[in-house]
Amino acid sequence: MSTKFDDSVYRSIVENSLDAVVIINRSGDIVSWNSAAEQIFGYTASEAIGKYVHDILPAHDLRDKANKSFQKFKKKGSGPLVGKVLQVRGLKKNGDEVHVQFSFNTVVVNGELFAFAFIRDISELIDLQEKLILQATVDPLTNLLNRRAFLQQTEAAFNMSKRHKEPLSLLMIDFDFFKEINDQYGHHVGDIVLKEFSSKTSKLLRTEDIIGRIGGEEFVIALTKTPIEYSLKLAERIRVSTENINIKTPGLSVSFTVSIGVSCIENNDESLQQLLERSDKAMYKAKEEKNCVVSISS
């Protein structure tokens, strides 16, 4: 027993597909656009059909690259994207970007070449991946790098500094009497203190500087291309900035200070661990007096 499939069956399958199905001719003009494409991108079939595909679908910063790639396809009727599954950013009619996965292929019908793509909205998957990355790298309280992420980024910066014989400094920072803040005012106030310090300190740094929260009330900053003299000046600015922070909550006014240890790469044989240990030693020396900056040479 055989079943006859005519064009209406294929059209029905395409129209009811959960994936967007977009077909273009050799010039790149859209000739078919199903309901799922409308749901993903926001254009009705009447709005999309006849439009050059790269004038409406790719994110703006991808359009030049997409056009160059398509010109090669237009000349040869094939290209590196044919038969591949790709993940890109598309653009909705309302201007919002959407993460999509698409597979691109070709077919010849009555001697004419067409290209077609099956497109799936993977925005939720990308959002989940980004959240997992954030959870793995960012301290949720302060939005700074966590210990692991800080050490990974600083290791790369440290190795580059040694390779180019450039200075790199570390600032190890610890709060003075932080336990007393928690005990006297409560941990919720302690959290506010940590967040306020993180916000104020981050504004004093350059974009290339690396800052992380590596312990409860312990922070560390890596300053690339920065000799000890500048590092000490910045550490003092951070100390003074922190000293001037005053957190006001109902019935409370809380001030606090930090002690900072500073070290800088001094020879090409030194490891990052040794530099961290020197910064840590300098920080503990600073904590003996509290609210000061101390540097230690190797």
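Start by selecting Phe175, Phe178, Phe197, Phe219 and Phe256 in this predicted model. These five residues form one aromatic cluster. Across the structure there are 9 aromatic pairs.

For one of these pairs, select Phe116 and Phe118. The description of such a pair rests on two values, the distance of the ring centres and the angle of the planes. Here the centres of Phe116 and Phe118 lie 5.7 Å apart and the planes meet at 85°, so the pair is edge-to-face. The cut-off for that label is an angle over 60 degrees.

As a rule, most residues other than glycine have a negative phi. Phe177 has a relative accessible area of 49%, so it is partly exposed; exposed would need over 50%.

Now select Asn110, another residue with a positive phi that is not a glycine; the value is about 50°. Where does Asn110 lie? Its place is the loop between strand E4 (97–109) and strand E5 (112–121). Asn110 has a relative accessibility of 82% and therefore counts as exposed.

Move on to charge by selecting Asp121, Glu124, Asp127 and Glu130. Together they form a negative surface patch. Which element gives the most to the patch? That is helix H6, residues 123–137, which supplies 3 residues. Keep Asp127 selected: this residue is found in helix H6. With 37% relative accessibility, Asp127 counts as partly exposed.

For the last stop, select Val14, which is in helix H1 (residues 7–15). Val14 is partly exposed, at a relative accessible area of 27%. How far apart are Val14 and Ser123? Their C-alpha atoms are separated by 22 Å, and the two residues are 109 residues apart along the chain.

Terms used: Residues are numbered from 1 along each chain as its sequence is written. This is a predicted model: local features need pLDDT of at least 70, side-chain atom pairs count only at pLDDT 80 or more; totals for chains, interfaces and linings use all residues. Side-chain values use heavy atoms; hydrogens and water are left out. Rings of Phe, Tyr and Trp (its six-membered ring) pair if their centres lie within 6.5 Å; planes under 30 degrees apart count as stacked, over 60 as edge-to-face and the rest as tilted. Patches are made of residues with over 30% relative accessible area and no salt bridge: like charges are joined within 9 Å, nonpolar side chains (Val, Leu, Ile, Met, Phe, Trp, Tyr) within 5 Å. Accessible areas come from the Shrake-Rupley method with a 1.4 Å probe; for residues, only the protein chains shown count as cover. A salt bridge is a side-chain nitrogen of Lys or Arg within 4 Å of a carboxyl oxygen of Asp or Glu. Lys and Arg count as positive and Asp and Glu as negative; His and the chain ends are not counted. The place of a charge is taken as NZ of Lys, CZ of Arg, CG of Asp or CD of Glu. Helices (H or I, at least four residues) and strands (E, at least two) are DSSP runs, numbered from the N terminus. Buried means under 20% relative accessible area, exposed over 50%, partly exposed in between (1.4 Å probe, protein chains only).
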